[in-house]
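Subject: Structure for your review

Dear colleague,

Please find below the structure that I am handing over to you.

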Amino acid sequence: MSERSSEKPGIADYVVARRKRKECFLDVIDRLIDWKPLEKVLRNELKRVANAVGNPSYPPLLMFKILLLQRWYNLRDAAVEEALCDRLSFVRFVGLSLDHDEVADSTTVCRFRQSLVERNILKRLLDKLNHQLERRGLLVREGAIVDASVVSSARHPLKVLDVLPEDREEDAGDAPDVTISYSDDADAAWLRKGNRAYYGYKIHAATDSRDGFVLGGHATPANRSDTEEFVTVLDEVDVRAGESVYADKGYSSQLNRYVLAVRGLLDGIMHKAARNRELTLAEKAANRLVSSLRSKVERAFGTLKRGYGFFRARYLGLAKVELEFLLNAMAFNLKKAVLKADC
């Protein structure tokens with residue numbers, strides 16, 4: 001296999017290393033994380049070869065770190081290529097040599113991201129990263145908080161649609177039907193929440209109940225019911241017997257509560273009033289407690305949308321939107337781990 005290597009630093013690397021500098025965020029991450037388990041997965045799954053003109057490939061871990069830089073600094077493919085040419089902290093983080101290595105261009109970054117979509121390995125990478133954070137005592141598993149959030153499609157509407165599915169009955173109120181349109185993003189779907197319509201996807205995820213690290217999740221079209229994805233999320237995040245699982249009343253169903261009981265999990269799903277049956281005082285008190293705990297998963301979604309630009313997808317298609325979520329989740333967890341380690 002032909003691959004670029006930066007194991008032998010040059011004179012420029014030596015000169016830069018001798019300069020006095022303040023440790024930056026990226027240096028702390030490199031000191032905190034052992035990249036070898038992630039690199040092993042990447043190398044086993046991605047067989048890198050020389051390109052058509054004989055140039056050697058870039059190491060998969062280097063390319064993966066470039067994708068993380070894009071998440072933290074909200075950079076497009078062309079922008080991250082430019083940044084790697086003149087930002088020493090970026091060069092040092094990904095492992096390039098100032099003397100010998102050419103910077104990966106935007107096309108190379110795009111192809112690498114597509115190879116990750118095809119191999120579907122990001123969930124394994126997130127699990128390995130979270131396992132390291134657990135061993136370091138930064139991520140403490142006491143329970144999980146399950147929730148979902150809508151992400152708009154990367155495409156704008158093109159055609160008209162009159163009938164929209166309602167996200168949750170209790171959110172509907174007296175909202176009128178809305179005449180809206182849909183786009184050429186075939187995997188996305190329409191959803192109405194109150195008076196507003198969304199075209200895109202829904203992210204079903206879980207965070208830990210103590211600090212709000214993202215444990216895992218997946219993407220579906222926006223019109224997919226939260227309740228139907230509850231068990232899938234539990235399987236993805238490997239909630240352990242004896243832990244608590246919290247969720248809002250949108251997940252309240254006999255099936256979901258039965259699954260929690262069978263798996264030995266503590267039921268933290270909020271109670272939902274039914275016709276001719278009001279909530280008891282005990283159920284209202286339990287709802288208030290769960291509501292206060294659920295703020296952690298809401299803050300995580302809020303950070304992903306505001307800080308990482310994930311209120312709208314960058315790419316088309318369900319698989320790429322899920323890849324974007326998982327990359328954002330890893331970047332979010334790494335940054336959260338650095339902040340917690342500094343405390």
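Throughout these notes, contact means heavy atoms within 4.5 Å. Helices (H or I, at least four residues) and strands (E, at least two) are DSSP runs, numbered from the N terminus. The model is predicted, so local features need pLDDT of at least 70 and side-chain atom pairs count only at pLDDT 80 or more, while totals for chains, interfaces and linings use all residues. Residues are numbered from 1 along each chain as its sequence is written, and side-chain values use heavy atoms, with hydrogens and water left out.

Helix packing

In α4, the residues I66, L69 and Q70 meet D77, V80 and L84 of α5. By class, this contact of α4 with α5 comprises four nonpolar residues, one polar and one charged. Here Ala, Val, Leu, Ile, Met, Phe, Trp, Tyr, Cys and Pro count as nonpolar, Asp, Glu, Lys and Arg as charged, and the others, Gly among them, as polar. Helix α4 covers residues 60-73, and its axis lies 10 Å from that of α5 at an angle of about 105 degrees. That angle makes α4 roughly perpendicular to α5. Axes are lines fitted to C-alpha atoms, for helices over the stretch in contact, and angles run from 0 to 180 degrees between N-to-C directions. Angles under 35 degrees count as roughly parallel, over 145 as roughly antiparallel, 65 to 115 as roughly perpendicular and the rest as oblique.

Helix α5 (residues 77-86) also packs with helix α7 (residues 106-119), at about 120 degrees and with the axes 8 Å apart. The two helices are therefore oblique to each other. On the α5 side the contact is made by D77, A78, V80 and E81, and on the α7 side by S106, V109, C110 and R113. Four of these residues are nonpolar, one is polar and three are charged.

The axes of helix α8 (residues 122-135) and helix α14 (residues 318-342) come within 10 Å and cross at roughly 10 degrees. This makes α8 roughly parallel to α14. From α8, L122, K123, L125, L126, L129, N130 and L133 meet E322, L323, L326, L327, A329, M330, N333, L334 and A337 of α14. Their contact has twelve nonpolar, two polar and two charged residues.

The cavity

The structure holds one cavity of 30 Å³ or more. On a 1 Å grid over the protein atoms alone, a cavity is a set of points where a 1.4 Å probe fits but cannot get out, and lining residues have an atom within 4 Å of a point. The largest cavity has a volume of about 40 Å³, a volume being the space filled by probe spheres set on the points, which are joined across faces, edges and corners. Its lining consists of A205, T207, V214, V297, A300, F301, L304 and F325. Helix α13 (295-306) and strand β5 (196-208) each supply at least two of the lining residues, and α13 gives the most, with four. By class, the lining has seven nonpolar residues, one polar and no charged.

E45 is placed in helix α3 (residues 36-45). Although 76 residues separate E45 from I121 in sequence, their C-alpha atoms are 7.9 Å apart in space. Leaving aside residues up to four places away in sequence, E45 touches R119, I121 and R124.

With kind regards

Terms used: On a 1 Å grid over the protein atoms alone, a cavity is a set of points where a 1.4 Å probe fits but cannot get out, and a pocket is an open set with protein on both sides within 12 Å along at least five of seven lines; lining residues have an atom within 4 Å of a point.
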